[in-house]
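The following exercises are to be worked through with the sequence and the coordinates at hand. Each task is followed by a stepwise solution.

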Amino acid sequence: MYFIQVMICFLQLANSTTPICFPSAIPLEYKTIEECKVSLDSLIELINEDLKGRKVSMVMKCVPVPNKNITSI
């Protein structure tokens, strides 16, 4: 299983010369890396122009869902 990991950065906030960035994720899971990449490409196409106009940047990538069956010692 895969999900889309995101880093969103605000490039021009008032009184700030450096971008302010936050990690996040798209709350959907995909069975294959291919399905994830198709969804990611569609999402980029949908929001790219709006983000540019708002001076917001996002880095997104498909990553495996972390193993939830971790046992402690």
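**Exercise 1. Secondary structure**

How many helices and strands does the chain have?

Solution. The model is a predicted one, in which local features need pLDDT of at least 70, side-chain atom pairs count only at pLDDT 80 or more, and totals for chains, interfaces and linings use all residues. Residues are numbered from 1 along each chain as its sequence is written, and side-chain values use heavy atoms, with hydrogens and water left out.
Step 1. Helices (H or I, at least four residues) and strands (E, at least two) are DSSP runs, numbered from the N terminus.
Step 2. By this assignment the chain has one helix and three strands.
Step 3. Their order along the sequence is β-β-α-β.

**Exercise 2. The aromatic pair**

Solution. A pair of aromatic rings is described by the distance of the centres and the angle of the planes.
Step 1. Rings of Phe, Tyr and Trp (its six-membered ring) pair if their centres lie within 6.5 Å; planes under 30 degrees apart count as stacked, over 60 as edge-to-face and the rest as tilted.
Step 2. The ring centres of Phe10 and Phe22 are 6.2 Å apart and the planes stand at 70 degrees, so the pair is edge-to-face.
Step 3. Phe10 belongs to strand 1 (residues 2-10) and Phe22 to strand 2 (residues 20-30), 12 residues apart.
Step 4. With buried meaning under 20% relative accessible area, exposed over 50% and partly exposed in between (1.4 Å probe, protein chains only), Phe10 is partly exposed at 29%. Phe22, at 43%, is partly exposed as well.

**Exercise 3. A backbone angle**

Where does Lys55 lie, and what is its phi?

Solution. 
Step 1. Lys55 sits in the loop between helix 1 (33-53) and strand 3 (56-64).
Step 2. Its phi is near 60 degrees, a positive value in a residue other than glycine.
Step 3. Lys55 is partly exposed, since its relative accessibility is 41%.

**Exercise 4. Overall dimensions**

Compare the radius of gyration of the chain with that of a compact globule of 73 residues.

Solution. 
Step 1. The radius is taken over C-alpha atoms, and the globule rule is 2.2 Å times the number of residues to the power 0.38.
Step 2. The rule gives a value near 11 Å, but the chain has 15 Å.
Step 3. The C-alpha trace spans about 45 × 35 × 15 Å along its principal axes.
Step 4. Buried residues make up 18% of the 73 residues.
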